[in-house]
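Here is a short briefing to read alongside your viewer. Have the coordinates open and follow the topics one by one.

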Amino acid sequence: MTLDPITAEIIQNSLQATADEMFAAMKKTAMSSIIYEVLDMGTGITDADGELASSGAGIPAFVGVLDKAVKVILSRHRKEDLRPGDVFATNDPYYGGVTHLNDIIVAMPVFADGQLIAWTANIAHNSDVGGMAPGSLTGDATEIFQEGLRLPAIRIIAGGEAIQPVFDIIKVNSRMPDVLEGDVWAAISSVRIGARRLEELAAKYGAETFRAAVAKFMDFGEAVTRKSLATLPKGTYELNEEQDDGRIFNVKITIAEDRFIVDLRDNPDQSPGPVNACRDGVMIAAQMLLKSLTDPRGPANGGSFRPIELLTRKGSVFDAKEPAAIGFYYEVELRAYDLMWRCLAPVVPDLLGAGHFASVCGTFIGGIHPDTGRQYTIIEPQVGGWGGSAGRDGNSAIFSSFHGETYNCPAEINEARNGVLIDRMELNTAPGGEGEFTGGRGVIIDYRPRADNGYLTVGYTRSRFPAWGLAGGRDGSPNFVRFIPQQGEPQDYAFVSGLKTRAGDLIRVITGNGGGLGDPRTRDPDLVRRDIRDGLITPERAKEVYGVEA
Amino acid sequence: MTGTTIRVATDVGGTFTDLVCFETDEATGESRVTTAKSDTTPPNFEQGVLDVLRKGGVDPSTIGFMAHGTTVVINALTERKGVKVGLITTEGFRDTLEIARGNRPDFFNLHYEKPQPFVPRYLRREVPGRMNYLGQETRPLDLSPLDGIVADFKADGVQAVAVALLHSYANPAHEAAVLDRLRELWPEVAAVGSHQISREWREYERTNTAVLSAYVQPVAERYLTRLQDGLRQESFDGTLYVMQSNCGVDSLGAVSRVPITMVESGPASGFWGAAELGKLIGEPNVLALDIGGTTAKCSLIEDGQVRIMTDYWIERDRTSAGYPIMVPVVDLVEIGNGGGSIAWVDDFAKLHVGPKSAGAVPGPAAYGRGGTEATTTDANLWLGRINRNYFCGGTVIADMAATAAALDKVAGRLGIDRDEAARGIVRIANNNMVNALKLVSLNRGHDPRDFVLVAFGGGGAMHAVALAQELGVKKVVIPAGASVFSAWGMMMSDLRRDYFLTALADMAPGAATGIEARFTDLEDKARAQFEAERIPAGKVRFLRYGKFRYQNQEHTVEVPIEGPVTDDRLAAIAADFHAAYEREYTYRLPAPVEMVGLHLVASAEVGKLTLKAQPLTEEAASSASKGRRNVDYALDGIHEAEIYDGERLKPGMRFDGPAIVEDPGTTVVIHPGNHVEVDAWGNLHIQFPQTEAAS
C-alpha cells in the first residue's frame, strides 16, 4: 500500500476537525456550567493502541489524559472482546483516570473493515460524583474512597446498548443525579459523533491508509520536537523551590541532543491529604512544557512527546500510591509544571517569560438557590495575571497555563442560575509584578450568597509565594480568598473545605498579578504614565519603583 | 417610465463597487438585467456608487427600489478606523470589557496575546445601581456621576459613548435613564445602549457589542448620510434599503442608529439569494457555498429558512479569542480558503493551502504582477480547469511561466512533479472546504442527501462538484450570474428584523400565558416600528421560534413555534424540542424542558423581485460549445472536456461531463459522469451518480 502525501494530509486534518466537532457537540449538550460555560473538558482521538493521534480540543492538560486512559482500558479488556458500539468509562487515577474522580473519561473504539483503527475519547469535570463532601472535592479527604464513586475503566455501553445497572449505580451515587446523567450522555454523544466521522474517513480511504496516515502523523510530531529540541541549550538544570505549605520541591531537567529528561525523584513523600498527583499527571505537565518550548503552534500527538523521559519515585507527591487522596491533584500538577518552567526560564528567556499566577484557583460555592429552591454548585477556576515576557507585558485576567480554551462564568449567568450576587468583577490593582515588562493583572470577584446554609471550598496555591519575577522584575501578588462574614471577622484562606456561609456573607476571590521581567527602572516611562492614567498603579508607587513622575 | 420598475442593488466591496439592475416590464414580467463594476472610492464611497450607476446607464431618478450593501462597518472594525469610545457601566464592572472570558485558544503558546479592549481603562466609567436577573431593581440608579464623566470624556476627546449595565436585557430602565441623561448633558455625541442592540444575557458579549457599535457609529452615519445626499442630488427619490447581517434589508434610519447590524451584510445577501433560489427551483434545503478571493463561507438553509444566530465573533481563530458581536447574523462558517489562497510547504514537507492570500496585489502568480507563490487559482489554471486563454474573462493574459515556477517551488519541496503538486493544492483546498461544509451540515445532524449545494462567488463553481460528491448531496446548482449573486440576493431580500429576548420559563401548565404575552408584546413593538416606516401592519409577517434546553443545560436548540402558545400546546412544543435535540445530538433525556428565550422574525416584502421562467429550448447544447481541451480532474483523472460558453447556454439545454462552462465571471468544472441541465431561469443543475460517502 502506498500513502500519497496529500491523502495523508487530508486524513490528518480530518482528525483535528473530528476532535473539534466532538468538542462542539459536548459543549452544547452538557448540563454542568463547569462543562458548558467554563469548558473544563477535552476531546481527542487516539490510534488503536491508545497513542494520541491529534491535538484534540479543549484543555491541553485534559487532552493529555485521554491516551493514558485508553491504554488502561486496553490493558483491562481483551481486544477481541471489543465490539462496535461499545463505550468505556474511567475516572480513577489508579485505573487510567489520571486526574480526580470528578473527571469522567468516556472512550469509544472505532472499527473499519472489522479491525480496531482508533478510539474517540473525551474527559470532563462532573459536578458531583458522590464522596464525603458536596461537589466531591474536599481538603479533608485522606483516601480516594472519600472522593466519590470509582469507575475502574469499565464498559458502560455494550454494542450500542446501555448497561443500565451501571448507569443506575453512577446516578444513585451523585448528589446531582440528573445533571450527572445528562453530562455522561453528552460525553457519549460526543464520542459517537467522532466515531461516525472516523468510520466515514476509513471507509473512503481504506482502514490501512487511515492507519498509515496516523502513524506517519506521529512520526511527524516526533520529528518536529526533535528538530527543535536540538536547538535548545544542552545541559542539566536544577531548581529547589519552597511551597506555600513549607514542602520543598525539586526538579532536575536534562536537555540532551535527542532527549528531554525530567527527574522528579527527589521530592517529598505523598501527602496524607488530597494534594497528590499521579505519575501520568506529572507526565502531562512535562509534555505541555516541552510542547510550549519546541512547537507551540503546531499539532501535538503521541509522537511529539516521544523524547521525554520522566523519572519519579513511587509513593512521592508526584507519583502517589493507591489509595492516596488526589482531589486537588491539579494544583500539584501545576506546581510541577511551574517548577519546570521556572527551572528553564533563565536558560531560555526568549521562550519562557516570568511566572504567572499559576494556580487553577478552583472555587467551589454551593447552597440552595433562593428563587428555585434547587441545589446549586459553582465550580470555577479563576483567571489571573501572566508574567511579563521578552518584549511585552503579561496578559491580564486569563486562565492558568493548565487551562486553554476555558471560559469564565458571566456575572449575569451566575446570578440567574446560582442565586448568588456578584458585586464586582474587576482587575486586581495590588502592587506586584513591576518590571521592564510588567506582569498582567489578576482579578477581584465578590460573590455574595443570598441564602443561608451554603458552603465554600477552595484550594489555591501561590498564596504565600506569588508569581516569580525574572531578570530583575518584581514578584507578582498572591492568590487567596478573603471571607467577610456579616457577623465575625474577615479571614483569608488559600485552602478551606466546607466553610459554612450565610446570606449576605461576602466571598472575595483575589487572584495574583504575574511576575515582572527585567529591571523596572528600564521600563518605557510612557508606559508607566499610561498605567497611572489607567489607575493600575498609584503615582507614588510609580515614582518609587520606576522612578517616573506622573 | 410607466409600466417598468427599476430595482437596483449596489454593493461596495474593498476593491470594486458592483451594480445589478433589473428593469422589469410590469405587463409581461420580463426583466432586462444590467451589471456593472467600478472602482471603490474611499473615503468618498458614495462617489463609487454614483459612478457605477452611471456606468450601468441607470438614471437615479428612475429607481424605484434600491438595496445597498457595504463593507464599511467590518472594515472600520478590522482596520481600527472607528472613533474614540467611552463606556459607562455598572459599578464594579468597568473591567468586564478587558477581563473578557479569559480563554486562551492558542493554548501551548506561552506568548499568547489577549485581544486588547476597544476602550482603555481610563475611559471605562461606572455608575451605582443594580437590576437583578428578573429585571427587578435591587439598588436605585445614581445618575450623579454622569456630569463628571461627561466632562472627562469631552476633555479626553471621546466621540461616541456606549452604555452597558448589568441585566439590562431583563430590564433596560436604568440603561435608558443613563442614555436620557447623557443626551441632556451632551446632545451631539453618538450614544448607544446595549439593550438597543441585544436583549440577551452575558455581560461581556453585550458590552462589547455596544462598544463596537459606538465605535463605528459616526463612521457609518457619515457614510450613509453622504450616500443618501449623493443620490438625492442625482434626483433619486425611491427608497434606499441597507443590507443587514440577518439576510434582510432595513431602512436607512434604523441602520444609522445601530450600524453594527451591517457587520456581515456581504455574505448574508448571498445566502439569502441561495435560500430564495432554492424556493424558486423547488429545493428548499440548500447548502450554500460562497468562494471568494481570500475566504470560503458556507451556510445551511433548511426548508427555505436561513438560520440566524447571535453568537458571532470577529477576529476569532485558533490563535485569538476575538471579539463578540451579539447581533443577528446568518449562521455561517468561514475559512481562509479562496482563489487567492497561497499554497505553502512547512519545514516537514507538509502541504497547506491558506489562510494567507495573495490578495489583489500581487495576486496569483498567473496575474503576472510579481506574485511568486502558487495559489489555488494557479493550480486550477495549470490543470486546465481555468482556461489559460480566457483568464479572468479574457481580461488578463495568464502568465503560465510564472504559474509553472510557483508550482515547481511547491513540487520541489514535496518531492513530486508539477502536475501532482497542482492536484495536491486543489485536493487540500477541497478538503478544507469539505470540513467547513460538514460543520454546518453533518455536524448538526443533517443528512447531506436531503440538500442541494448552491455554489457562487468567483470560485464556487470551480470546486462545487468535487465537494458535493464527497459530501453526497443530491445535486449541485450553479446560479445564473454566480459571480454577482450577492447583489442578486439583496434584490430578493425582505425588510426583516430579528428580535432575540432572554426570558426563562418552565414548560409547565400555566406558563403559556406568559410566553404568549412576550411574543405578542414583541410583535406589537415590531408592527409599531414597521408602521413608523409606513409599512402597514397587515403586510408584516411573523415567524416565532423558541429557544429550549433541558433543565440545567445552558446552550439551546431553536424550535419553530406555529400559532399561539397555549397550555394545551406546550406538550407538543416540548415534543418538537426533543425531536430536534435528538437529531442534533444523537440522544434525548427524560428531563424537564426549559424555555430560555424567544426569537421573533418580523418581515415585510418591499419591492421584491419576481423572476419569470423562460421557455425551454429544444436546441442542442452543442450550439454553445466553443471547443475541447484536456482538463485534469485530480482524483477523477485527465479527460478531454467539452467547453461551453455560459452566455450561449439556453434554458432547456442539457449535456454531460466531462465539461467546462465559462462565462466572464465564472468557470464551472463538470466532472466525468455528471449530467447537466439548464433550468428555466438559466441556472445549471449538475447531477452525478450518488457516491458511497452519502451512505
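In this predicted model, domain 1 of chain B puts six residues in contact with seven residues of domain 2 of chain B. The C-alpha centres of these two domains are 33 Å apart.

**Domains of chain B**
- On the domain 1 side of that contact, the residues are six nonpolar, no polar and no charged.
- Domain 1 of chain B covers 4–78 + 222–262, while domain 2 covers 85–216.
- Chain B also has domain 3, made of 267–295 + 336–493 + 615–695, and domain 4, spanning 495–604.

**Where chain B meets chain A**
- Chain B brings 52 residues to this contact and chain A brings 67 residues.
- On the side of chain B, helix 3 (96–99), helix 6 (203–233) and helix 11 (418–440) each give two or more residues.
- Helix 11 of chain B gives the most, with five residues.
- By class, the side of chain B that touches chain A holds 23 nonpolar, 16 polar and 13 charged residues.

**A helix pair in chain A**
- Helix 7 (residues 279–294) and helix 8 (residues 329–344) of chain A have axes that come within 9 Å and cross at roughly 40°.
- Helix 7 and helix 8 of chain A are therefore oblique to each other, and their crossing is right-handed.
- Helix 7 of chain A contributes residues including Val282(A), Ile284(A) and Leu289(A), and helix 8 of chain A contributes residues including Tyr337(A), Met340(A) and Trp341(A).
- In total, the contact between helix 7 and helix 8 of chain A has 11 nonpolar, one polar and one charged residues.

Notes: Residues are numbered from 1 along each chain as its sequence is written. Chains are lettered from A and ligands numbered from 1 in the order in which they are written. This is a predicted model: local features need pLDDT of at least 70, side-chain atom pairs count only at pLDDT 80 or more; totals for chains, interfaces and linings use all residues. Two residues are in contact if their C-beta atoms, placed from the backbone, lie within 7 Å. Helices (H or I, at least four residues) and strands (E, at least two) are DSSP runs, numbered from the N terminus. Ala, Val, Leu, Ile, Met, Phe, Trp, Tyr, Cys and Pro count as nonpolar, Asp, Glu, Lys and Arg as charged, and the others, Gly among them, as polar. Axes are lines fitted to C-alpha atoms, for helices over the stretch in contact, and angles run from 0 to 180 degrees between N-to-C directions. Angles under 35 degrees count as roughly parallel, over 145 as roughly antiparallel, 65 to 115 as roughly perpendicular and the rest as oblique. A crossing is left-handed if the near helix is turned anticlockwise from the far one by less than a right angle, and right-handed if clockwise. Domain bounds come from an automatic or database domain assignment.
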